[in-house]
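Here is a short briefing on one protein model. Please look over the sequence and the fold before reading on.

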Amino acid sequence: MNTNLINRRELLTAALSAVSVSLLPRLVLGESLEDERTAWFRTAKFGMFIHWGPYSLASCEASWPIMMPEHLSISEADYRALPRRFNPAKWDPNHFIDLARTAGQQYMVFTTKHHDGFCMFDSSYTDYKITNTPYGKDIVKLLSGACARRGMPLGFYYSPPDLNHPGFRDTSKLSRDNWNGQPERPEWSSYLDYMRLQLSELLARYGDVKLIWFDGLNHQEKFEGQRFLDLIHKLQRATLVNDRIGVTGDYVTPEQFIPNAIPTKDVRMRGADASIQNEFRKGIPSQLDFQLWETCMTINNTWAYNAHDHNYKTPKDLIRSLVEVASRGGNFLLNIGPQPDGMIQPEFQERLAAVGRWTTVNGNSIYGTTFGPIQGEKSYRTTARGSDIFLHVFDWPSAPLQVIGIEPKVLSARLLANNQPLPFKQTEKDLQITVPQDAPDKSVSVIALRTL
């Protein structure tokens, strides 16, 4: 691990945490300006998602093999037995933090409990948990402690569905028969009480929880989401909540796709439903209409560790996805699935390091920005912060770069890669920037414009 690079990352994070909210888009919330609860999230832009549990031993997806017949790569009995041999002896939370810092990721979201009901924390209300494995330690406690010491914002994924709890479903049946839960049973209220107790543990025992990432699957209204929003805000007022528990949260969460227009508050995301992107309004919304959002995505095709899944996105794919998301005002939550021993596979490390080399040079065009003033261009994307506009050039031109739609007067243009000033000519019709023959970066090259 490059110590100098890690130090630069931690200095960058400290600087970002000190960014004045005056640099962020101004929002009117009731009678006040600026939502201080979401300021850090708007600045961070890039996070690490971590899907991890005993299922990593079987190289299968989290929970789904016991839920859907087409995912049946392992029997339910064998899946349920995996915790008996789960012992990630090589796991070190600092390794995860170092990797996130190297990539330029500014926060982490960890799976405390997936749909199968297995808890990666030492819950007092179940025996199906990490402290009853050969490993025996509270992984969430170790991770939250390391994140607190090193200034890494941490959020918790928590699954409202719980296939192991008899209040959620009749557990005498296979999970595939009733995995959506059975709220019509009298036992349902006991399950909601269980959720309340576990969320209270997570918010009371593990320090500052930046966000709760629910994953409610179908018919989310059965979870009485407002009850849990109230609980979360009572225990930690500043904790953000996503949109997957049947009520409006702080931000929406497209899954494995990037909306083709800037999300607005008149259209609600439906999790993994990519068809909703056709409902977005085209053009540039006002900051009042903008909907805070975060897309989550895998590096290969699975959320959990899978030794057989070699369909990795390239570093260029990942960098361009980060730019696409930022250009529409969103956050990019990129997932890793750790190995059973607690290490991160080399293919993931290599790709995150490559993204980090790009963010080290070009991070100023991502962190603390919002959607840019030009949308829908094929050859470049834009982000903006204050009077700065950043052109992320995908297709490097052989002639001067023509930009249509920059309304304010441009004072300067420069390459972020080497701070090289670029000649330009601005007319009422367009902006033409003379660029070098070769692109500074084969993935995405960035030109910073200072405007009046």
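Residues are numbered from 1 along each chain as its sequence is written, and side-chain values use heavy atoms, with hydrogens and water left out.

**Confidence**

- The protein chain has a mean pLDDT of 91, and 89% of its residues reach 70 or more. pLDDT is the predictor's confidence in each residue, from 0 to 100.
- Residues 1–34 have pLDDT below 50. Beyond near neighbours in sequence, this stretch has 53 contacts in the model. Contact means heavy atoms within 4.5 Å.
- Where pLDDT is low, the predicted coordinates should not be read in detail.

**Overall make-up**

- The protein chain has 10 helices and 17 strands. Helices (H or I, at least four residues) and strands (E, at least two) are DSSP runs, numbered from the N terminus.
- Of the 452 residues in the protein chain, 59% are buried. Buried means under 20% relative accessible area, exposed over 50%, and partly exposed in between (1.4 Å probe, protein chains only).
- Take contacts in the protein chain between residues at least 6 apart in sequence: 69% of them join residues at least 24 apart.

**Helix 7 with helix 8**

- Helix 7 spans residues 188–205 and helix 8 spans residues 225–235. They pack at an angle of about 25°, with axes 10 Å apart. Axes are lines fitted to C-alpha atoms, for helices over the stretch in contact, and angles run from 0 to 180 degrees between N-to-C directions.
- The two helices therefore count as roughly parallel. Angles under 35 degrees count as roughly parallel, over 145 as roughly antiparallel, 65 to 115 as roughly perpendicular, and the rest as oblique.
- The crossing of helix 7 and helix 8 is right-handed. That term applies if the near helix is turned clockwise from the far one by less than a right angle, and left-handed if anticlockwise.
- Helix 7 brings Leu192, Asp193, Met195, Arg196, Leu199, Ser200 and Leu203 to the contact. Helix 8 brings Arg227, Phe228, Leu231, Ile232 and Leu235.
- Eight of these contact residues are nonpolar, one is polar and three are charged. Ala, Val, Leu, Ile, Met, Phe, Trp, Tyr, Cys and Pro count as nonpolar, Asp, Glu, Lys and Arg as charged, and the others, Gly among them, as polar.

**Helix 9 with helix 10**

- Helix 9 (residues 315–327) packs against helix 10 (residues 346–362) at about 50°, with axes 9 Å apart. The pair is therefore oblique.
- Helix 9 and helix 10 make a right-handed crossing.
- From helix 9, Pro315, Leu318, Ile319, Leu322 and Val323 take part. They meet Arg351, Ala354, Val355, Trp358 and Thr359 of helix 10.
- This contact has eight nonpolar residues, one polar and one charged.

**Single residues**

- Ser59 is not a glycine, yet has a positive phi of about 50°. Ser59 lies in the loop between strand 3 (46–50) and helix 3 (76–81). Ser59 counts as buried because its relative accessibility is 13%.
- Glu224 also has a positive phi, of about 55°, and is not a glycine. Glu224 sits in the loop between strand 6 (211–214) and helix 8. With a relative accessible area of 42%, Glu224 is partly exposed.
- Lys141 belongs to helix 5 (residues 139–150). Its 55% relative accessibility makes Lys141 exposed. Lys141 and Met120 are 21 residues apart in sequence and 9.3 Å apart in space, C-alpha to C-alpha.

Note on methods. Predicted model: local features only at pLDDT ≥ 70, side-chain atom pairs only at ≥ 80, totals over all residues.
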